Amino acid sequence: MGGLRAELWRFGYGSRSGDKWAGRGGPALPILIPYPRFDIGDWRGWRKWGRITAVLKTRHEISALDAPEKFREALARWFGTNGKDYPWRRTRVPYEVLISEVMLQQTQIATVLGKGYYTRFLAVFPDVETLAVAEDAPLLKAWEGLGYYRRARMLRETARAVVAEYGGEFPTGLEDLMRLPGIGRYTAGALRAFAFGLPAVVVDGNVSRVLSRLMDCAEPIDDGVGIKRVWGWAADLADAERPSVYHAALMELGQSVCRPGVPDCLACPVSGFCKASAPELLPIKRGKVSITTVDEHALWLRDGAGRLLMHHESGKRRTGLWKLPIREFTEVQHLPLLTEQRYAITRYRVTLRVYDGNAAESACQLTTGDAWVEPDEVSVLAMAAPFRRVVEEWLSDF
Ligand code: SF4
């Protein structure tokens with residue numbers, strides 16, 4: 001089985017636009033693959049595709065666990081020419097690495113980069129000391145748009161502990177790092193690898209997927225046994241000599257090549273080490289989280305002086321943030337609908353409906369936390385993204 005020989009293991013009707021092997025519109029047609037020999041493998045699920053998708057993959061030759069040095073070398077070589085230049089890859093400052101890691105935990109790279117969140121946050125809070133003494137309002141404002149605001153407050157807790165317990169210098173030991181508030185096994189490993197260049201094990205969602213495919217793992221990777229198994233493989237393969245390059249490369253492989261759904265195995269630098277015969281079906285997870293749909297009804301109301309009625313949150317989820325006042329549907333159903341926004345948060349799919357309170361003749365009852373805000377003050381308040389979009393659109397129109 002030579003390395004040049006390719007194996008056709010999936011041949012179906014695909015609907016993903018941009019697939020290298022996909023037909024463009026019209027009825028599906030078979031593809032002739034210009035390889036001298038190929039095997040047709042597992043056919044399960046081929047009908048789920050609307051256009052032709054064929055994934056070619058070099059045959060598995062050796063397990064990464066049996067040749068870890070070669071595996072790391074192949075990965076590092078690929079990363080040398082394909083690695084992306086992110087701002088957090090240019091720094092070794094632990095504080096800056098920490099900010100990027102926490103931002104990227106629940107937010108896409110494109111969002112963090114494209115909207116300048118990372119550089120803007122560092123401009124406001126350039127070091128651990130500044131963050132440790134940050135007030136709530138500027139902290140939430142600097143985090144605005146990233147969602148999951150608890151992360152910002154937890155970062156401040158971490159900064160306070162680093163200042164109080166270590167004089168502003170991050171510890172380097174795994175145990176010491178994991179004792180800091182908000183720092184778990186993943187973040188501690190990332191700090192060791194990316195900031196200190198020390199041996200580490202770093203497993204995020206991308207790495208879990210890559211490893212489950214490399215090992216052709218047919219068991220769930222998100223239960224206790226599966227998590228332990230994946231971290232075990234990660235530890236066995238980790239490069240102690242070049243931890244920063246190795247971990248960045250493995251993560252990037254998961255983001256750009258061994259991506260969710262159908263991976264680009266032909267472009268994969270480690271396909272010879274990969275045992276997966278149906279990688280698009282991996283990883284196996286224990287069942288999906290059930291999605292709950294929620295309707296939110298908000299009031300758009302301005303007084304005679306042009307001030308906007310806003311609400312300062314004090315509940316658990318978005319404490320300290322501002323939003324439009326939320327009302328029961330029965331209180332606003334008689335009002336004209338102004339606009340709708342849809343957004344997702346954890347397992348919730350929310351439809352935010354905003355009603356024109358100025359269309360009503362009766363006075364509106366204010367509730368605790370409601371406040372009239374001058375239009376030019378609205379922009380400096382920290383506000384969750386869906387409300388910000390409504391306010392920006394409609395404030396200029398009224
Ligand atoms: S590691 Fe991922 S991209 Fe590479 S060959 Fe295996 S399944 Fe394909």
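This briefing walks through the fold, the core, the paired strands and the ligand surroundings of the structure above. Please keep in mind that the model is predicted. The protein chain has 398 residues, of which 34% count as buried. Its secondary structure comprises 15 helices and eight strands. Among contacts between residues at least 6 apart in sequence, 72% join residues at least 24 apart.

**Around the ligand**

- The shell around the ligand holds 14 residues, and those that come nearest are Cys258, Cys265, Cys268, Cys274 and Pro279.
- If you are looking for the element that gives the most to the shell, go to helix H10, which spans residues 205–214 and supplies three residues.

**The nonpolar core**

- The largest nonpolar core is made up of 90 residues.
- Within this core, Ile99, Leu191 and Ala234 are the residues with the most contacts.
- Both domain 2 (68–281) and domain 3 (292–395) give residues to this core, so the core lies between the two domains.
- Leaving aside residues up to four places away in sequence, Ile99 touches Tyr118, Phe121, Leu122 and Leu155.

**Strand S7 and its partners**

- Strand S7 (residues 348–356) runs parallel to strand S3 (residues 292–300), and nine bridges join the two.

**A closer look at Ala344**

- Is Ala344 buried or exposed? Ala344 counts as exposed because it has 10 C-beta neighbours inside 10 Å, and the cut-off for exposed is 12 or fewer.
- Ala344 and Val294 are 50 residues apart in sequence, yet their C-alpha atoms are 9.8 Å apart in space.

How values were computed:
Residues are numbered from 1 along each chain as its sequence is written. This is a predicted model: local features need pLDDT of at least 70, side-chain atom pairs count only at pLDDT 80 or more; totals for chains, interfaces and linings use all residues. A residue is near a molecule or strand if its C-beta atom, placed from the backbone, lies within 6 Å of it. Helices (H or I, at least four residues) and strands (E, at least two) are DSSP runs, numbered from the N terminus. A nonpolar core is a set of buried Ala, Val, Leu, Ile, Met, Phe, Trp, Tyr and Cys residues joined through C-beta atoms within 7 Å. A residue is buried if 20 or more other C-beta atoms lie within 10 Å of its own, exposed if 12 or fewer, and partly exposed in between; C-beta atoms are placed from the backbone. Domain bounds come from an automatic or database domain assignment. Two residues are in contact if their C-beta atoms, placed from the backbone, lie within 7 Å. Two strands pair if DSSP finds at least two bridges between them.
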